[in-house]
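Trainee: Before I rely on the labels given to residues and ring pairs, I would like to go through the reasoning behind a few of them.

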Amino acid sequence: SIDNIFNTTPGEKILNPAFGLNLKMYLFDPLSYDTAENIADMILLGIRKWEPRVNVKNVNVTLDIDQHQYEITLRLEIPSLNNNVMVKTGILNNSGYKTS
């Protein structure tokens with residue numbers, strides 16, 4: 001579900017045109033700490049809006065300058081599963097977002 005949110009650009013879903021994040025807008029910008037912070041903010045707001053079944057504990061976006069990509073780490077809690085915090089990681093690069 002979260003991968004779907006990350007990989008859908010608003011306007012792609014005809015029946016729900018506001019759904020998704022526009023992470024693709026960052027793919028060809030120069031890597032920077034400001035951009036990483038903007039990506040983290042967008043992810044936090046998007047998950048809160050589109051995936052109410054999880055609680056976001058932390059979003060960390062770090063630069064990997066050598067690979068020209070951002071590493072995204074999410075710490076999530078799923079209350080319906082009575083679980084502890086789980087970690088989800090992925091990479092955002094010029095190919096898009098992929099779970100690592």
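Trainee: What makes T9 count as buried or exposed?

Mentor: Keep in mind that this is a predicted model. The relative accessibility of T9 is 17%, and buried means under 20%, so T9 counts as buried. T9 lies in the loop between α1 (2–7) and α2 (33–50), where, leaving aside neighbours within four places in sequence, T9 is in contact with F19, L21, N22 and K24.

Trainee: Why is the pair of F6 and Y97 called edge-to-face?

Mentor: The ring centres of F6 and Y97 are 4.6 Å apart, and rings pair if their centres lie within 6.5 Å; the planes stand at 70°, whereas over 60 degrees counts as edge-to-face, so that is the name the pair receives. F6 belongs to helix α1 and Y97 to strand β4 (residues 96–99), 91 residues apart, and the pair thus links distant parts of the chain. Both F6 and Y97 are buried.

Trainee: How do you know that F19 and W50 form an edge-to-face pair, and what does the pair tie together?

Mentor: Their ring centres are 5.1 Å apart and their planes are at 70°, so the pair is edge-to-face. Because F19 lies in the loop between α1 and α2 while W50 is in helix α2, the pair ties together parts that are 31 residues apart in sequence. F19 is buried, as is W50.

Trainee: Which residue lies over the face of F19?

Mentor: K13 does, at 4.7 Å from the ring centre, and the cut-off for a charge over a ring is within 6 Å.

Technical notes
Residues are numbered from 1 along each chain as its sequence is written. This is a predicted model: local features need pLDDT of at least 70, side-chain atom pairs count only at pLDDT 80 or more; totals for chains, interfaces and linings use all residues. Side-chain values use heavy atoms; hydrogens and water are left out. Helices (H or I, at least four residues) and strands (E, at least two) are DSSP runs, numbered from the N terminus. Buried means under 20% relative accessible area, exposed over 50%, partly exposed in between (1.4 Å probe, protein chains only). Contact means heavy atoms within 4.5 Å. Rings of Phe, Tyr and Trp (its six-membered ring) pair if their centres lie within 6.5 Å; planes under 30 degrees apart count as stacked, over 60 as edge-to-face and the rest as tilted. A charge sits over a ring if NZ of Lys or CZ of Arg is within 6 Å of the ring centre and within 35 degrees of the ring normal.
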